[in-house]
Amino acid sequence: MTLLNVQNIETYYDRVYALRGVSMEIQEGGITAILGNNGAGKTTILNSIVALIDDQPEKGLIEFDGKTITNMSTEKIIRMGIGYVPEGRQVFNELTVLENIKTGAYTRKGRSEIEADIDKMFEYFPVLKERTKQQAGTLSGGEQQMLAIARALMSRPRLLMLDEPSLGLSPLLVKEVFEIIRQIHQDGTTILLVEQNAKKALEIADFGYILENGRFVASGTAGELKANDDVKEFYLGVKSESSVKGYQRYRRKRRWR
Amino acid sequence: MMDFSEIVTLIVRSVETGSIYALVGLAMGIIYKASEVPNFAQGEMATFSTFIAFMVLTVHGAPFYVAFVVSLLFAYILGIAFEFLCVRRAKNPTILSMIILTIGLQMVLYGLSGWVFGTEQRAFRLPFSQFETVEIGGVVISHLGLATIIASFVLMCLIYWFLEHTKTGLAMRASQQNSMAARINGISSNRVVNLSFGISSIVGAIAAMLFAPIITLSPDLMWDPLLKGFAAAVLGGFASLPGIVFGGYILALIENLFGLWFSLEYKSVVAMGIIVLVLYIKPSGLFSKHYQRKV
Ligand SMILES: Nc1ncnc2c1ncn2[C@@H]1O[C@H](COP(=O)(O)OP(=O)(O)OP(=O)(O)O)[C@@H](O)[C@H]1O
Ligand SMILES: [Mg+2]
């Protein structure tokens, strides 16, 4: 079943044409990755989905769970079952770790269920359990990332969107975070993952899109993308053998347009 | 030199007036924290609400608690209506334009209360007398003074409990810190700001009703307390509600000492002096802790 359906959205920041007709379908139960370099528009896609950019997207249609969510307010969209771990974590710096987690449950009722879910978060992220009373702003980057994920999970989302969760983390922590994402997926949450770390992302994703300059230039199953020469060269950093560098690069870049 | 009982009396008097300053400062602080706007209409909003209580008391002859509840209800509606009808409509607001908006409302309400209720001085009475006194541990205090101290304290505890221990309070604090992050957790920042205006207006109205019996009720009832409350907020730090409360008590104490040692007549200069001094030395106020991120 299609959980999220994005059809041909175009998003502007004033005159900056950031998304130039983006379409994608996210199937329930999968892990979808969006890969792209700095400034490609990855964050803009996620922000457009949850209506964080005023009066945008300018064109296009977004459906979640079969219902149109374009023109709905962020709060309403979130309530429909989307969890969002934004770029740069955005934890509440002056709230404690526990309070941060509790804000994630703002849309929910049922005290005992919430308490049970808080315990579940501490199982996913044992580091947070030792720091329940600590101000979130004083956590390390990795701990903040864990906290942001825990907070987003507290709303029991059907779709969890993560924006570059590996950014600024040590390789060991990256591995841990991806392991947790895999675990969350196994426990039944559909994942939309935005990453620059293509290698890691394609390891856990089952479907992927490549974004350049506000357009998808390639898409396919993780296997297909890993086998794609362009993806190999420009995203996975695998050099093709007969590299007559400049010319080759130029030709490759042209190919998927 | 003062003897011990004189010192205690001085402190109690300071807590008495300081309570009013603290409440007015709190009212301003609650709105400031939600929207970064110092609301200069706070005083007139409170005065108008007090007039409502006065009308219910005198014209309708209702018992005090009815007047009190009606007045607070009115204050709440006035607060949320101001936010919904004026503040929210401002497109691309700057702090300056918002301040001008609050000053605009101040003038409208001032004119309106003079027109509707008259500009003469009225006697506004609470069920607590200003002239009957009790003696507690050697300190003589009026019933009204005691009621003021207790009511303010209870109200402060209520606000603290609300912010720290309720879901809505947590949502308010979250939204104040990072409204984008609050929105992606399903918290409507519009609702939070709206609620803040309502609560703030209630706190202001309570301060005005506690203050009105001391002087008399007229449209300019809250001019002086507003300046003092503002000074208390500047002194304690607008960003810190406990700071504002301490600011209120400290301001009252400094005023009383000034009155004792220098001049009663010019007591009001103290507030102005403190505003200037704090802005000069520590603009963020005495108690605003600026949290630092561990890098
Ligand atoms: N608030 C904004 N105002 C104007 N332009 C913006 C704004 N936010 C993003 N842009 C522009 O839109 C384009 C896409 O930005 P976006 O943040 O979506 O990229 P990204 O793929 O998430 O990059 P990164 O990997 O660096 O996070 C960029 O060219 C950026 O400069
Ligand atoms: Mg980004």
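In this predicted model, 29 residues of chain A are in contact with 22 residues of chain B. Putting the two together buries about 2400 Å², and carbon and sulfur atoms account for 55% of that area. On the chain A side, a trio stands out: A:Glu75, A:Phe92 and A:Tyr106 supply 28% of the area that chain A buries against chain B, more than any other three residues.

What else links the two chains? Two salt bridges are counted between chain A and chain B. A:Glu99 forms a salt bridge with B:Arg173, with 3.0 Å between the closest N and O atoms. Polar contacts turn up too, with seven residue pairs found across the interface of chain A and chain B, both partners being at pLDDT 80 or more. As for where the touching residues of chain A sit, the elements giving two or more of them are α2 (74–79), α3 (97–104) and α6 (141–153) of chain A. By type, the side of chain A that touches chain B divides into eleven nonpolar, eleven polar and seven charged residues.

Then there is the metal site. The magnesium ion (ligand 2) has A:Thr43 (OG1) and A:Glu87 (OE) as its protein donors, lying 1.9 to 2.5 Å from the ion. A:Glu87 counts as partly exposed because its relative accessibility is 35%, which falls between the 20% limit for buried and the 50% limit for exposed.

Key:
Residues are numbered from 1 along each chain as its sequence is written. Chains are lettered from A and ligands numbered from 1 in the order in which they are written. This is a predicted model: local features need pLDDT of at least 70, side-chain atom pairs count only at pLDDT 80 or more; totals for chains, interfaces and linings use all residues. Side-chain values use heavy atoms; hydrogens and water are left out. Contact means heavy atoms within 4.5 Å. Buried area is the accessible area (1.4 Å probe) that two parts lose on being put together, summed over both. A salt bridge is a side-chain nitrogen of Lys or Arg within 4 Å of a carboxyl oxygen of Asp or Glu. A polar contact is a pair of N or O atoms within 3.5 Å; within protein, one must be able to donate a hydrogen and the other to accept it, and residues adjacent in sequence count only if both atoms are side-chain atoms. Helices (H or I, at least four residues) and strands (E, at least two) are DSSP runs, numbered from the N terminus. Ala, Val, Leu, Ile, Met, Phe, Trp, Tyr, Cys and Pro count as nonpolar, Asp, Glu, Lys and Arg as charged, and the others, Gly among them, as polar. Donors are N, O and S atoms within 2.8 Å of the metal (3.2 Å for Na, K and Ca); water is not among the atoms, so sites may look incomplete. Buried means under 20% relative accessible area, exposed over 50%, partly exposed in between (1.4 Å probe, protein chains only).
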